[in-house]
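My notes follow in the order in which I checked things.

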Amino acid sequence: FSELQSQLSLALSDKINQLRDQQADEIDDCKKEHQQKLSRMQAELKADQESTIKRMEAMFQRQKRQLEARSEKEFDDLRSENESLLLDLRKTNSQKRVEKEK
């Protein structure tokens with residue numbers, strides 16, 4: 001009976017160790033799987049951030065070009081207006097000189 005009890009105890013101990021090892025392997029597998037998921041999610045997040053940065057840079061460049069074009073047009077318009085005013089002023093001065101000379 002004692003021998004049977006010893007064999008059962010040994011078999012039970014072996015089974016417990018086997019189950020512990022199996023559980024440890026399953027835990028390791030879960031850890032690896034979660035780490036892989038985390039790595040994928042981090043890579044996706046980084047890609048999304050880089051894509052967002054690129055879109056924002058493109059939008060900034062587009063707005064910058066639009067602003068520069070608008071500024072150039074406004075500058076050209078002001079220059080034309082100033083040239084026209086200067087011409088008018090010269091004509092007026094010339095007319096006043098002619099009138100004074102008379």
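I began with Asp-77 and Lys-73, which sit four residues apart in helix H1 and so are separated by about one helical turn. In this predicted model, their side chains meet in a salt bridge, at 2.9 Å from N to O. I noted Asp-77 as partly exposed at 40% relative accessibility, whereas Lys-73 is exposed at 52%.

I then looked up Asp-76 and Arg-79, whose side chains also form a salt bridge, at 3.2 Å from N to O. This pair is three residues apart in helix H1, so about one helical turn lies between them. Asp-76 is partly exposed at 35% relative accessibility, and Arg-79 is partly exposed at 40%.

Next I checked Lys-37 and Glu-33, a salt bridge with its closest N and O atoms 3.6 Å apart. The two are four residues apart in helix H1, which means a separation of about one helical turn. My count of salt bridges came to three.

Which residues gather in a patch of negative charge on the surface? I found Asp-21, Asp-25, Glu-26, Asp-28 and Asp-29 there. Asp-29 belongs to helix H1, residues 2-101, and is partly exposed with a relative accessible area of 46%.

Last, I looked at the whole protein. The C-alpha trace spans about 150 × 15 × 5 Å along its principal axes. The radius of gyration is 43 Å, while a compact globule of 102 residues would have one near 13 Å. I noted that 0% of the 102 residues count as buried.

Conventions:
Residues numbered from 1 in each chain as written. Predicted model: local features only at pLDDT ≥ 70, side-chain atom pairs only at ≥ 80, totals over all residues. Heavy atoms only, no water. Patch = residues over 30% accessible without salt bridge, like charges linked within 9 Å, V, L, I, M, F, W, Y side chains within 5 Å. Areas by Shrake-Rupley, 256 points an atom, 1.4 Å probe, with all protein chains shown as cover. Salt bridge = Lys/Arg side-chain N within 4 Å of Asp/Glu carboxyl O. Lys, Arg positive; Asp, Glu negative; His and termini not counted. Charge placed at Lys NZ, Arg CZ, Asp CG, Glu CD. Buried < 20%, exposed > 50% of the residue type's maximum accessible area, 1.4 Å probe, protein only. Rg over C-alpha atoms; globule rule 2.2 N^0.38 Å.
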